[in-house]
Amino acid sequence: MIGPAPGAKVMVATRPVDFRKGADSLAALVAAEYGGKPYSGVIYVFRAKRADRIKLIWWDGTGLCLMAKKLEQGAFKWPRIQEGVMRLTPAQLGALLEGLDWRRVHGGRRPIAPQIAA
């Protein structure tokens with residue numbers, strides 16, 4: 001799978017949405033319900049009532065993109081249903097899209113330059 005860029009900002013709507021909505025309707029929902037900017041390049045992730053379906057929208061600079069996925073077996077691991085949105089790292093989004101437990105994915109370590117004692 002082609003995943004998001006390492007510096008991508010990913011926001012997950014934790015409450016299920018009506019999956020008949022298309023890209024424009026989901027973008028309007030982002031602006032009205034979550035106070036987000038759907039044309040900013042942020043990836044917004046939505047779930048259906050059934051945890052085996054997921055939709056993503058994002059602006060790629062030329063148009064609004066919509067991705068939908070339905071797992072044939074199993075279910076996506078979702079955060080607890082509550083109001084609002086939560087942020088995921090691009091690595092966590094990749095795990096979520098693969099049907100893995102994204103909570104087990106942690107950010108990588110940054111290399112630390114050796115310090116020269118003076």
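This report describes the sheet and the nonpolar cores of a predicted model.

## The sheet

Five strands form an open sheet, in the order S4-S3-S2-S1-S5. The pairing within this sheet is mixed. At its edges lie strand S4 (64-70) and strand S5 (85-88), and each of these pairs on one side only. From one strand to the next, the twist averages 25 degrees.

Strands S3 and S4 run antiparallel and are joined by 7 bridges. Across from Leu64 in S4 stands Trp59.

## The largest core

The largest nonpolar core has 16 residues. Within this core, the residues that touch the most other members are Ile43, Val45, Ile54, Leu56, Trp78, Leu93 and Leu96. At least two residues of the core come from each of strand S1 (10-13), strand S2 (43-47), strand S3 (53-59) and helix H2 (90-97). Helix H2 gives the largest share, with 4 residues.

## Contacts of Ile54

Which residues is Ile54 in contact with, leaving aside its neighbours within four places in sequence? The contacts are Phe19, Val45, Phe46, Met67, Ala68, Lys69, Phe76, Trp78, Leu96 and Leu97. Among them, Val45, Trp78 and Leu96 are also listed with Ile54 as residues that touch the most other members of the largest core.

## A second core

A separate, second core contains 12 residues. Its members include Met11, Val17, Ala27 and Phe46. Phe46 is also one of the residues in contact with Ile54.

Definitions and conventions:
Residues are numbered from 1 along each chain as its sequence is written. This is a predicted model: local features need pLDDT of at least 70, side-chain atom pairs count only at pLDDT 80 or more; totals for chains, interfaces and linings use all residues. Side-chain values use heavy atoms; hydrogens and water are left out. A nonpolar core is a set of buried Ala, Val, Leu, Ile, Met, Phe, Trp, Tyr and Cys residues joined through side-chain atoms within 4.5 Å. Buried means under 20% relative accessible area, exposed over 50%, partly exposed in between (1.4 Å probe, protein chains only). Contact means heavy atoms within 4.5 Å. Two strands pair if DSSP finds at least two bridges between them. Axes are lines fitted to C-alpha atoms, for helices over the stretch in contact, and angles run from 0 to 180 degrees between N-to-C directions.
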